[in-house]
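Please read the following alongside the sequence and the model.

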Amino acid sequence: MSARLTAIAIAVLVTAAPGMAQTPERPIGDIEVFATLPYPGHPGGLAVAGRTLYVDTSNGDFDRPFDASDEIWAYNLDTGEPTGLPSNPIEVARAASVQTMGLLGMALDAQGRLYAADMNGRVIRVDPRTGAQEVYATIPTSTDTSFTDMPGFVAFGGDGNLYVGDWAAPVIWRVPPGGGQAEPWFGDPRLAGTWGANVAGVTVDPSGEDLYFAAGTQEQQIVIYRLPLAHPDAAHLQEFHRYTDFVVTPCPADPDLALIACAITPAFGGGGIAFGASGMLYVSLFAKNQLSILDSDGTEALRFPSPEQNAEREIPVANAFGLAFDGRGSLLVANTGDPTFGKGPGGTDPPGGLVTSDTWVVFDVFVDDTAAPLFRPVIP
């Protein structure tokens, strides 16, 4: 067992057994609330620049179809309070008056601009210093990919290409430096699954040679794959880790029953993924309300919280999405949280006014790790 895994095991023992001698530092897996978002809530993607955390709203509970915009918030990592940007939050106008989804994964370029996946078929570029925004890329829909294009998480390669996972198809898209229409970069039936989180979190490893991504859904299991950027073909696709446990009972073997049962069964799988400086890969398991830590050889070092622990939390982990490091040993986790009544047609408030939830939070999870280097290229 590596020294780091030994430390994790000791921390878990200390957390699980209050009678044992406590370590002076915060135990690994300790979860606190960093910030709570106001309406529209549902934090999705996270990105850190210096001591600023950016959080966008995802509409992950499908309860904001009539909102006119989504939001990007900026928080000071030292205080947990919103920063003094000219506009905070930044409102990102939607392309249509009725849209089921919102924003999700974000990446940063060398100039400090944000690239946010709009799950309604776009990637939006936003300059947080001015609030200026534009459509950086569009994701096409065709019979070769999916009924609905749903870009989820994004990651830059060192050459300026932006890689985009599709939550509605077994496809990874690539957007060339400078933007434009995305092109299918890699597709494979092994990435497929019931609708909802086919290709979720994506990240480029610190070497800049491989793309890691989460694919699949809870019925056919969630898999973390590795694919060389130089060889995006089926022969080079490797399983890094396969999660073999299910969230719900798999679809019935009887095809007639399966057609009905699978159609009404939530099928979400993985969420964001991020490398730590330690070489560990951190995975948010959206479907299981848990976080998973994978060692550099692909074995799972730790999973938490347990369902029992989560049920006892004042604010439970509820559909974890984006991940980012705070630079001081903690992993920040976007918690989509509970649905509420959103605005009605025409952007009108519901009877009784808008309802908020204290589950719309960003968690601070102590993991004793910091971020591995991220690629933030110079983009035209």
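Arginine 94 and aspartate 70 are both buried, where buried means under 20% relative accessible area, exposed over 50% and partly exposed in between (1.4 Å probe, protein chains only). The two form a salt bridge with their closest N and O atoms 2.8 Å apart. Arginine 94 sits in the loop between strand 5 (90-93) and strand 6, while aspartate 70 belongs to strand 4 (residues 69-76), so the pair links distant parts of the chain, 24 residues apart. Helices (H or I, at least four residues) and strands (E, at least two) are DSSP runs, numbered from the N terminus. A salt bridge here is a side-chain nitrogen of Lys or Arg within 4 Å of a carboxyl oxygen of Asp or Glu.

This is a predicted model, in which local features need pLDDT of at least 70 and side-chain atom pairs count only at pLDDT 80 or more, while totals for chains, interfaces and linings use all residues. Residues are numbered from 1 along each chain as its sequence is written, and side-chain values use heavy atoms, with hydrogens and water left out.

Over the whole structure, a search finds 17 salt bridges. Another of them joins the side chains of aspartate 245 and lysine 288, at 3.2 Å from N to O. Aspartate 245 lies in the loop between strand 18 (238-243) and helix 2 (255-264), and lysine 288 in the loop between strand 20 (281-285) and strand 21 (290-294), so the pair ties together parts 43 residues apart in sequence. Aspartate 245 is partly exposed at 30% relative accessibility, and lysine 288 is partly exposed at 22%.

Arginine 26 and glutamate 32 also meet in a salt bridge (3.8 Å, N to O). Arginine 26 has a relative accessible area of 21% and glutamate 32 has 40%. Salt bridges link Arg26, Asp30, Glu32 and Asp364 in a network.

The largest pocket has a volume of about 540 Å³. Of its 34 lining residues, Leu46, Met106, Thr203, Leu323 and Leu374 are the closest to the centre. A pocket is an open set of points on a 1 Å grid over the protein atoms alone, where a 1.4 Å probe fits, with protein on both sides within 12 Å along at least five of seven lines; lining residues have an atom within 4 Å of a point. The volume is the space filled by probe spheres set on the points, which are joined across faces, edges and corners.

Strand 2 gives the largest share of the lining, five residues. By class, the lining has 25 nonpolar, seven polar and two charged residues; Ala, Val, Leu, Ile, Met, Phe, Trp, Tyr, Cys and Pro count as nonpolar, Asp, Glu, Lys and Arg as charged, and the others, Gly among them, as polar.
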